[in-house]
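Please examine the sequence and the three-dimensional model shown here.

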Amino acid sequence: MIDGLSRASRCAETMLQMVLPASTEFAGDFAGVLSLPLERSLGEVQVMLGKVELTCAELEVGHVDQDADGTSCGARLSRAGQAHDEEKWAAVQQWLDDTAPAPELTPSDLRPPAAVRASSHFTSAFTHMRSVPVLHARATLAAGTGLARLAGGRADLGHAARDLLESTIAVAREARLLHVAGAAAFELVRLARTLGLEQSVTVSSLLLYQSTVAHQWLEQLLVERIDDRRGKLASFWRLDRFLANELVNPGAVTCESWPYRRCQEYLRGTVQMRRLSCSTPVNRMLDTMPSSVCFCVLAFSPSHQSIFCSVFNKNCWRSARVESLTLGTEGFAAFEKLASNMSAISKRLGAALPGHERDADYDKEAAEGDDRSNEEIARLTKQLRQQLGPLIARASAPEVRSARSAESGEETKGDASAEFEWRAEHLVILADELLARLPLEALFVEGGQEQHFKTVSRDVSVHMFGHRLAATSNFGELTKADAETVQEPVWSKRTGTAGAIVDPRAEASSIVSAFQSASNKGQCIAHVGPTNGIPSESTWQEMLRGNAGQAAGQSFMYLGLAPLLSHAAPATLTGLNMERTWHATLLDRAMNDDALRNKCKRDAHLSGADLELESMWETVGLLSLAGINSIVANQWPASIHGNLALFAEALAGGGGLGGCKWSSTLWNRVAMLHNNVHDSSETHELNGDRFKCRVLLNAVSIGVPDVLYP
């Protein structure tokens with residue numbers, strides 16, 4: 001088998017050398033701009049030859065590396081490269097899979113000549129793929145992945161694989177290939193853990209991997225899942241992807257009328273493109289973060305066979321631990337079931353709330369009757385703690401926690417907060433899209449009156465958090481900041497105007513009365529449904545964009561029934577620039593009989609995919625891409641009384657709806673709700689009253705911790 005593959009490799013290499021001069025002569029002056037089909041084919045042949053040599057290297061030592069899901073190294077390389085026809089190698093891959101597993105590879109068993117020849121083939125492939133960054137990055141990824149799999153304990157091959165993977169990340173960032181950069185970053189995580197590289201490589205690679213996965217989801221949400229037929233953002237985005245993949249080298253185009261340049265000029269001017277960028281190196285970004293902010297990253301592996309976690313802050317990220325938990329097929333299915341159960345609970349709660357519209361005590365323990373949804377949410381949070389709590393405890397860096405005293409006699413409950421006390425002030429959770437649909441805040445709170453954090457918030461990724469942080473007027477440009485001179489930010493006391501849309505379909509008179517009777521709203525431009533009628537698309541856009549005559553730092557609030565995106569179509573928000581709006585408060589998802597009836601009529605004309613866009617995380621994703629830096633929203637349906645209570649208590653902080661005190665008071669109120677959750681009960685005491693678990697965990701904060709520093 002080895003001899004046959006080697007002979008095929010040498011024959012193909014000889015044929016390739018015969019046509020190389022003709023390719024160079026034919027390309028001529030256009031070699032740096034156009035990617036000719038012949039040249040792309042030659043590059044694919046070189047990638048194929050490199051993979052043959054890597055297969056030979058495996059067969060020479062009688063070893064086939066396997067992932068946790070049973071996928072052989074040959075199959076993994078074929079999928080990672082994506083630069084040749086996989087069907088041609090189906091027989092070889094089948095043979096590799098049938099004969100796996102083989103004896104464990106040792107450093108002394110590996111014979112490097114085949115791997116060295118493979119590296120030369122990949123290097124030659126880069127010459128022919130320079131005009132197509134997509135294929136260039138894929139070829140580099142295939143080479144780095146292959147050498148990483150073959151490295152075992154060999155430091156020389158491991159460092160060569162590291163160089164190739166880092167080169168892949170650089171090329172993929174330049175070409176905005178999130179999936180390639182993410183795959184290379186995850187391979188770096190595995191390689192660093194295998195070879196025992198410095199922890200900073202593991203942490204930064206894990207953060208980059210999580211960012212690319214999250215931003216791929218955001219890009220898919222923006223370009224594919226939302227039907228934006230009238231806007232040009234999605235159309236230009238798809239055209240840009242096609243041209244970058246097939247035709248030209250973006251760096252060599254100089255003609256002003258060239259379609260690719262026109263697409264690039266438009267897309268670079270959009271806030272969505274800037275927010276999706278992962279070009280800032282992770283190490284520079286972490287060095288410029290406030291030391292009072294602690295991050296917890298939770299990311300599934302590409303095969304969903306394991307989950308990785310690390311907890312750290314600015315001062316300790318270079319030595320932070322990255323821990324993993326092997327899940328297997330059943331383990332990941334358990335998380336999918338939790339998310340599915342959470343969706344079902346939300347639907348049942350939305351159907352049950354209209355029957356208790358007039359019961360102001362329904363959110364309290366004294367409420368009569370059963371509350372099945374509250375019991376299920378309490379049970380779900382307990383399961384979540386049991387599955388992720390020990391992993392978070394192991395992954396937490398010592399600098400952001402302090403061990404509990406053994407003499408304290410406190411009972412260990414098996415969750416993250418029962419193992420140690422936190423030192424950081426603000427925790428930001430960076431989780432995969434599936435985990436973000438669960439009440440993750442429950443992982444970091446426990447019974448008693450002790451408060452571990454000032455705030456517990458979430459964000460899409462560390463890059464999105466960095467983009468938000470860079471928007472602070474006194475923090476400077478994050479991508480240009482000097483890590484040694486950046487000081488702790490002091491949030492400006494914003495006193496801008498606020499835009500509010502209240503009860504847009506006139507479905508709850510109590511909401512309108514509470515809003516109109518509030519006397520300290522400040523400079524607020526409000527659209528009230530019973531008075532102004534149902535808001536048009538342009539009204540939604542004007543309110544969300546903010547007042548053009550005012551400076552940045554404005555606020556937006558939606559106070560009404562049903563989700564925000566059930567009133568404003570998602571396509572209405574896709575191309576908006578909301579950078580003037582700093583904070584958004586979404587006191588939505590309340591329900592009564594009129595709202596439920598109207599929503600059912602609207603839902604009858606929507607598909608299941610359209611209805612999924614109304615969920616909290618999709619709404620947060622759209623608003624974050626549009627430029628909003630701080631968001632408070634409900635995860636699941638809430639009662640009208642609960643939303644009005646949150647509205648009144650935030651106003652009590654002073655400053656009006658458009659001031660910084662409004663948003664900071666709201667963040668602190670949400671943090672106070674979270675920190676009154678007890679593990680042992682489904683109801684919790686707050687301000688003399690005992691509230692249910694579904695009330696305290698409902699509101700979540702997303703983005704930059706919007707609190708005043710002393």
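**Backbone, helices and a strand residue**

In this predicted model, Ala-506 belongs to the loop that joins β8 (498-502) to α18 (509-517). The residue is not a glycine, yet its phi is positive, near 50°. Ala-506 has a relative accessibility of 45% and therefore counts as partly exposed, since that class lies between the limits of 20% for buried and 50% for exposed.

Is Ala-562 buried or exposed? Its relative accessible area is 0%, so Ala-562 is buried.

Helix α25 comprises 12 residues, 640-651. The buried residues of α25 are Ile-640, Asn-643, Leu-644, Leu-646, Phe-647, Ala-650 and Leu-651. Viewed down the helix axis, these buried residues of α25 fall within an arc of 160°, so they line one face of the helix.

How do α9 and α17 lie relative to each other, and at what angle do their axes cross? The axes of helix α9 (residues 199-225) and helix α17 (residues 462-470) come within 8 Å and cross at roughly 80°. The two helices are therefore roughly perpendicular to each other, because crossing angles of 65 to 115 degrees fall in that class. On the α9 side, the contact involves Leu-207, Leu-208, Gln-210, Ser-211, His-215 and Leu-218, and these meet Val-462, His-463 and Met-464 of α17. By class, this contact of α9 with α17 consists of 5 nonpolar and 4 polar residues, with no charged residues.

Ser-701 is part of strand β15 (residues 699-703). Its relative accessibility is 1%, so Ser-701 counts as buried. Which residues are in contact with Ser-701, leaving aside its neighbours within four places in sequence? They are Val-456, Ser-457, Arg-458, Ile-631, Val-632, Trp-667 and Val-670.

Notes:
Residues numbered from 1 in each chain as written. Predicted model: local features only at pLDDT ≥ 70, side-chain atom pairs only at ≥ 80, totals over all residues. Heavy atoms only, no water. Helix = DSSP H or I, 4+ residues; strand = E, 2+ residues; numbered from the N terminus. Buried < 20%, exposed > 50% of the residue type's maximum accessible area, 1.4 Å probe, protein only. Expected span 1.5 Å × (residues − 1). Arc of directions from axis to C-beta. Axes fitted to C-alpha atoms, helices over the stretch in contact; angles between N-to-C directions. Parallel < 35°, antiparallel > 145°, perpendicular 65-115°, else oblique. Contact = heavy atoms within 4.5 Å. Nonpolar A, V, L, I, M, F, W, Y, C, P; charged D, E, K, R; others polar.
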